Amino acid sequence: MQDMGELRIVRHTDRFDECCRFYGDVLGWPITKEWDDPTPGRIYGFGDSARVELLTAEPGTVEPTTGVFIAVEVDDVVAVHETVVSAGVAVTAALAVQPWGHRNFTIVDPAGMSVVFFEVLL
């Protein structure tokens, strides 16, 4: 198998501006690439090899997301929880310790994708 580059979650969204504010302003993920032609798109980086790519879609053309979510490992899930709650983001699954050794919580991005933040407990 060849060396891997990056893992990219690609999202078509009719809520492009709201999603950009969410990933950029609320979560603080840096833009690694953006373009306007033929339609706006933007890539947000997380760590060395994970990316969320947002692509503009016409209203009503995006299928609902089912069975797929983004899971993000962080060093301090309590701090991330405080940041998103302070920004007014609704938590859809409360901060909790899981039997498999994670502490996590879930939020939903403006286009309806669940984002789970977790910390591996020792």
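**Figure 1. Surroundings of Arg11 in the predicted model.** Beyond its neighbours within four places in sequence, Arg11 is in contact with Val52, Glu53, Leu54, Leu55, Thr65, Asp109, Ala111 and Met113. This model is predicted. Arg11 belongs to strand β1, which covers residues 7-13. With a relative accessible area of 5%, Arg11 is buried, because a residue counts as buried under 20%.

**Figure 2. The side chains of Arg11 and Asp109.** One of the residues in contact with Arg11 is Asp109. The side chains of these two residues, Arg11 and Asp109, are joined by a polar contact of 3.1 Å.

**Figure 3. The ring pair of Tyr23 and Trp29.** The structure contains 5 aromatic pairs. One of them is formed by Tyr23 and Trp29, whose centres are 5.5 Å apart. The planes of Tyr23 and Trp29 lie at 45°, and the pair is tilted. Tyr23 and Trp29 are both buried.

**Figure 4. The ring pair of Trp29 and Phe46.** The ring centres of Trp29 and Phe46 are 5.0 Å apart, and the angle between their planes is 45°, so this pair is tilted. Trp29 is found in the loop between α1 (16-26) and β2 (31-35), whereas Phe46 is in strand β3 (residues 41-46); the pair therefore ties together parts that are 17 residues apart in sequence. Trp29 has a relative accessibility of 9% and so counts as buried. Phe46, with a relative accessible area of 28%, is partly exposed.

**Figure 5. A cluster of aromatic rings.** Phe22, Tyr23, Trp29, Tyr44 and Phe46 are linked into a cluster by ring pairs. Within this cluster, Trp29 pairs with Tyr23 and also with Phe46.

Key. Residues are numbered from 1 along each chain as its sequence is written. This is a predicted model: local features need pLDDT of at least 70, side-chain atom pairs count only at pLDDT 80 or more; totals for chains, interfaces and linings use all residues. Side-chain values use heavy atoms; hydrogens and water are left out. Helices (H or I, at least four residues) and strands (E, at least two) are DSSP runs, numbered from the N terminus. Buried means under 20% relative accessible area, exposed over 50%, partly exposed in between (1.4 Å probe, protein chains only). A polar contact is a pair of N or O atoms within 3.5 Å; within protein, one must be able to donate a hydrogen and the other to accept it, and residues adjacent in sequence count only if both atoms are side-chain atoms. Contact means heavy atoms within 4.5 Å. Rings of Phe, Tyr and Trp (its six-membered ring) pair if their centres lie within 6.5 Å; planes under 30 degrees apart count as stacked, over 60 as edge-to-face and the rest as tilted.
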